[in-house]
Amino acid sequence: EGVPIPWETLAVMADDMRQHGGEEAALMLEVQQDCWLREQDLRQLRGADVKVDRDGAVALELGVVERGESTKTGTRQGALVDFEKPKAALRARKATVGDAEPLFHINIGQYTRAWRRCRAPPGAYLRGALAFDKAQRAIK
């Protein structure tokens, strides 16, 4: 499983991904950290799995039995998206992705490469107040 990565570091990594053309990978990272998902869960998500209520709350349906899927904790699971940035992005994505279409258009290999590309030593990301401020803005 590895060592936990602070939320601030993950937020700065997502920002770095975006700056280098990795918008899709950045959104995947934000959704994964917000909902505590594994890569398998990201890969299985389809447009129909994004649920938006009339108040704008967003939830993800995981382990859809009809598609033969499961999660680490079983089938018919769900996750509520907490942070506004991934919530807004998922609402927008739901409007443009078909129900049966994958929610993300890059594969897990591409996502993993984006992760590895920006996984520099922690000091490269946490440069004092600037990095902390950037992280705080990114996760809100």
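The legends below describe an overview and several close-up views of a predicted model.

In this predicted model, local features need pLDDT of at least 70 and side-chain atom pairs count only at pLDDT 80 or more, while totals for chains, interfaces and linings use all residues. Residues are numbered from 1 along each chain as its sequence is written, and side-chain values use heavy atoms, with hydrogens and water left out.

**View 1. Overview of the protein.** The secondary structure comprises seven helices and three strands, where helices (H or I, at least four residues) and strands (E, at least two) are DSSP runs numbered from the N terminus. Along the sequence these elements follow the pattern α-α-α-β-β-β-α-α-α-α. Of the 140 residues, 39% count as buried, a term that stands for under 20% relative accessible area, with exposed meaning over 50% and partly exposed in between (1.4 Å probe, protein chains only). The accessible surface comes to about 8000 Å², of which 54% belongs to carbon and sulfur atoms; the areas come from the Shrake-Rupley method with a 1.4 Å probe, and for residues only the protein chains shown count as cover. Among contacts (heavy atoms within 4.5 Å) between residues at least 6 apart in sequence, 59% join residues at least 24 apart.

**View 2. Helix H1 and the residue that follows.** Helix H1 covers residues 7-19, and its 13 residues should span 18 Å at 1.5 Å a residue, which agrees with the 19 Å between its end C-alpha atoms; the expected span is 1.5 Å times one less than the number of residues. The buried residues of H1 are Thr9, Leu10, Ala11, Val12, Met13, Ala14, Asp16 and Met17. Gly21, which comes after H1, has a positive phi near 80°.

**View 3. Packing of H1 against H5.** Helix H1 and helix H5 (residues 108-118) pack at an angle of about 110°, with their axes 10 Å apart, which makes H1 roughly perpendicular to H5. Axes here are lines fitted to C-alpha atoms, for helices over the stretch in contact, and angles run from 0 to 180 degrees between N-to-C directions; those under 35 degrees count as roughly parallel, over 145 as roughly antiparallel, 65 to 115 as roughly perpendicular and the rest as oblique. From H1, Leu10, Met13, Asp16 and Met17 meet Ala114, Trp115, Arg117 and Cys118 of H5.

**View 4. Phe104 in the loop between H4 and H5.** Phe104 lies in the loop between helix H4 (84-96) and H5, and it counts as buried at 6% relative accessibility. Leaving aside neighbours within four places in sequence, Phe104 is in contact with Glu24, Leu27, Met28, Val31, Leu42, Leu45 and Arg93. The C-alpha atoms of Phe104 and Arg46 are separated by 8.0 Å, although these residues are 58 residues apart along the chain.

**View 5. Gln44 in helix H3.** Gln44 belongs to helix H3 (residues 39-44) and is buried, with a relative accessible area of 11%. Beyond its neighbours within four places in sequence, Gln44 is in contact with Asp49, Arg67, Glu69 and Ser70.

View 6. Gly22 is placed in the loop between H1 and H2 and is buried, with a relative accessible area of 17%. Gly22 and Ile106 are 84 residues apart in sequence and 9.8 Å apart in space, C-alpha to C-alpha. Trp36, in the loop between helix H2 (23-35) and H3, is exposed, with a relative accessible area of 68%. Its phi is near 55°, a positive value in a residue other than glycine, and most residues other than glycine have a negative phi.
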